[in-house]
Amino acid sequence: MSQKWFVIVNPVSGNGAAKKKWPLIFTELQAQAFSFEFAITEHKNHALDLIEEAVKKGFKKFICVGGDGTLHTIVNGILTIKPPIYSEIKIGIVPIGTGNDWIKTYHISKNYKKAIQTIKGENSLKQDIGKITLAKNNEVIYFNNLAGIGFDGYVVNKVHKFKNLGFLAYLAGAIVSLASYKKANLEIRFNNIVIKEPTLMLLIGICKYSGGGMQLTKNAHPTDGLFDISHIHKVHLFNILGNLKGLFNGNITDHKLVNNYKTSSLDIKVLDTQKAYIQADGELIGSGDFKVSMIENAISFIVPIKKS
């Protein structure tokens, strides 16, 4: 059974594109001689249950047909299994989503036939995973791409209104949200550093891209055991509009308003009553105080072979 793949399909990914493309993807998996079973998710966290059931049946190789949110849910399903077996798991992805940010770090093709060819090759890389513990209820959430608190969480809360804009949804959400957002007063502790001030946002990156292709952290590396941190005290609308190119090519991280750090753990407290939203991999996960720690080399993802 361990050689057989379990495919999880999120039919609402990419504004319903996954549902339309699934028959083609199914046929291509057969054409490339995959031995597989599949399940189609029926609600937001259905993948968590599907992963648990599949692992009980002996599956160790998974294919995600969906976007960043679907992959996030699958990763959380795997990391929460008791006893832990995540080191034995492999995940491949056929990307169909709004942002498709995680795949950009590894140059995974959005062409479903090429993505399936990559999975067929089974070239895997053990990637770090972030662990968030929410102080309110000790709930644990894992993330494989980028998390944050403040403005980016506020934007994620708004983005669903702009999903029809595709990757531009995040940029549109940011511009619309900037006028109404009020900074939270945060205390951020890491590496014997204490930042205590009103904060626009704190970004905690593992991989390079977020928000539909933006590069908002400076030196993200998915296997170095460290988070790449961007702390932004303030920014004005004209700063965003004047640095649109910098948002996508990474030069924004050199702006005087952005401070960059590296660390393996953080402790964040909200010092006022302002509601500070937390997002992980583009999913809104809560608000308030939380801790972040790193699980090094946690899960094997199937990625293209690097060209020399």
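Predicted model: local features only at pLDDT ≥ 70, side-chain atom pairs only at ≥ 80, totals over all residues.

Colleague: How many aromatic pairs does a search of the whole structure find?

Modeller: Rings of Phe, Tyr and Trp (its six-membered ring) pair if their centres lie within 6.5 Å; planes under 30 degrees apart count as stacked, over 60 as edge-to-face and the rest as tilted. The search finds 11 aromatic pairs. In W5 and F34 the ring centres are 5.6 Å apart and the planes lie at 55 degrees, so this pair is tilted. W5 belongs to strand 1 and F34 to the loop between helix 1 (13-31) and strand 2, so the pair ties together parts 29 residues apart in sequence. Helices (H or I, at least four residues) and strands (E, at least two) are DSSP runs, numbered from the N terminus.

Colleague: Is F190 buried or exposed?

Modeller: Buried means under 20% relative accessible area, exposed over 50%, partly exposed in between (1.4 Å probe, protein chains only). F190 is buried, at a relative accessible area of 4%, whereas Y261 is partly exposed at 22%.

Colleague: Which residue has its charged end over the ring of F34?

Modeller: A charge sits over a ring if NZ of Lys or CZ of Arg is within 6 Å of the ring centre and within 35 degrees of the ring normal. Here K120 places its charged end 5.1 Å from the centre of the F34 ring.

How values were computed: Residues numbered from 1 in each chain as written. Heavy atoms only, no water.
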